[in-house]
Amino acid sequence: MLDWPEREHYTAEDLIEILRILRDPETGCPWDKVQTHQSIRKNFLEETYEALEALDADDPAMLREELGDVLMQVAFHAVMEEERGRFDFEQVCREVCEKLVFRHPNIFASSAAENAGINSWDALKNKEKGRRTLADELGTVPATLPALMYAQKLQKRAAGHGLGAVDQECAAAALRAAEQNWDAAAPEDAAARAGELLFAAVNAIRLAGVDAEEALTFASKQFRDELLAPQAGANGYQAETPAPIDRK
């Protein structure tokens with residue numbers, strides 16, 4: 001058993017070292033040392049959603065804990081890659097720092113000199129990642145995103161090339177057409193027509209300046225709270241007020 005000294009202050013390097021100890025093939029934790037990227041993949045997602053819940057609740061103690069759990073997931077995957085000799089946590093930190101400097105030519109002189117005349121965040125990302133065509137841009141939208149977010153990102157990138165419904169009037173017309181197709185859909189076509197309706201709705205919502213994923217999340221929470229409100233009142237509790245939708 002390892003005698004780990006307690007410390008007044010811990011750093012990211014301490015976290016990495018603890019994970020190395022837990023991953024030791026001989027003396028490590030029976031659970032931690034056998035995990036793989038795929039075996040804990042869902043844990044990363046769950047911890048991220050719990051951090052978002054803490055953000056929405058504006059609970060600093062909860063947020064501190066959940067951000068720590070997300071950081072642990074990042075470190076865990078970095079240690080696995082270190083074991084394989086592909087990269088380590090220091091390289092992860094360096095790359096994200098370099099990215100932040102590169103993408104802020106309005107702040108950092110080195111980036112301003114390198115990116116003269118480029119002020120758009122998207123243009124900087126495209127230069128950094130070597131994306132030049134529509135296929136490049138659409139192909140780098142992660143297919144693992146939630147469906148509403150995935151649709152919204154595809155639409156935004158296509159609109160940057162002048163494709164799809166690029167203004168609110170066009171989006172509204174496409175949504176009306178999708179609604180008519182849904183109303184007239186045969187049972188065997190229902191899934192396809194439903195997809196078209198949702199896709200058109202996301203585009204109309206995006207062009208109105210609203211995030212579709214957040215809007216549906218808040219609407220679902222409001223639905224839940226309205227259903228539970230009578231029960232909460234009977235028990236003497238006040239139902240949670242859903243967070244407002246940012247319409248900027």
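These are legends for several close-up views of a predicted model.

**About the model.** Local features here need a pLDDT of at least 70 and side-chain atom pairs count only at pLDDT 80 or more, while totals for chains, interfaces and linings use all residues. Residues are numbered from 1 along each chain as its sequence is written, and side-chain values use heavy atoms, with hydrogens and water left out.

**View 1. Helices α2 and α3 side by side.** Helices here are DSSP runs (H or I, at least four residues), numbered from the N terminus. Two packed helices are described by the angle between their axes and the distance between the axes. Helix α2 covers residues 41-57 and helix α3 residues 60-83; their axes come within 8 Å and cross at roughly 155 degrees. The axes are lines fitted to C-alpha atoms over the stretch in contact, with angles running from 0 to 180 degrees between N-to-C directions. So α2 and α3 are roughly antiparallel to each other (that label goes to angles over 145 degrees; under 35 is roughly parallel, 65 to 115 roughly perpendicular, and the rest oblique). The crossing of α2 past α3 is left-handed, meaning the near helix is turned anticlockwise from the far one by less than a right angle; clockwise would be right-handed. On the α2 side, look for Asn43, Phe44, Glu47, Thr48, Glu50, Ala51, Glu53, Ala54 and Leu55, which meet Met62, Leu63, Glu66, Asp69, Val70, Gln73, Val74 and His77 of α3. Contact means heavy atoms within 4.5 Å. By class, the residues of this contact are eight nonpolar, four polar and five charged (Ala, Val, Leu, Ile, Met, Phe, Trp, Tyr, Cys and Pro count as nonpolar; Asp, Glu, Lys and Arg as charged; the others, Gly among them, as polar).

**View 2. The loop residue Asp58.** Aspartate 58 sits in the loop between α2 and α3. Its phi is near 55 degrees, a positive value in a residue other than glycine. With a relative accessible area of 66%, aspartate 58 is exposed (exposed is over 50%, buried under 20%, partly exposed in between, using a 1.4 Å probe and protein chains only).

**View 3. Helix α1 against α3.** Helix α1 (residues 12-22) packs on α3 at an angle of about 60 degrees, the axes being 9 Å apart. That makes α1 oblique to α3, and their crossing is right-handed. Leu15, Ile16, Leu19 and Arg20 of α1 meet Leu71, Met72, Ala75, Phe76, Val79 and Glu82 of α3. This contact of α1 with α3 has eight nonpolar residues, no polar ones and two charged.

**View 4. The largest nonpolar core.** In soluble globular proteins, nonpolar side chains tend to be buried together. Here the largest nonpolar core has nine residues: Ile16, Leu19, Ile40, Ala75, Phe76, Ala78, Val79, Met80 and Phe89. A core of this kind is a set of buried Ala, Val, Leu, Ile, Met, Phe, Trp, Tyr and Cys residues joined through side-chain atoms within 4.5 Å. Both α1 and α3 supply at least two residues each, and α3 gives the most, with five. Zoom in on phenylalanine 89 and, leaving aside neighbours within four places in sequence, you'll find it in contact with Ala12, Ile16, Val74, Ala75 and Ala78.

**View 5. Arg23, a buried arginine.** Arginine 23 is in the loop between α1 and α2. It counts as buried, at 9% relative accessibility. Beyond its neighbours within four places in sequence, arginine 23 is in contact with Asp32, Lys33, Val34, Gln35, Phe76, Val79, Met80 and Glu83.

**View 6. Helices α8 and α10.** The axes of helix α8 (residues 147-159) and α10 come within 9 Å and cross at roughly 65 degrees; the crossing is right-handed. Leu148, Ala151, Gln152, Gln155, Lys156 and Ala159 of α8 touch Phe199, Val202, Asn203 and Arg206 of α10. The contact of α8 with α10 counts five nonpolar, three polar and two charged residues.

**View 7. Two residues of helix α10.** Alanine 200 lies in α10 (residues 190-207) and is buried, with a relative accessible area of 9%. Apart from neighbours within four places in sequence, alanine 200 is in contact with Ala174, Leu175 and Ala178. Isoleucine 205 is also in α10, but at 29% relative accessibility it counts as partly exposed. Not counting residues up to four places away in sequence, isoleucine 205 touches Val210, Asp211 and Ala212. Its C-alpha is 8.7 Å from that of alanine 171, a residue 34 places away in sequence.
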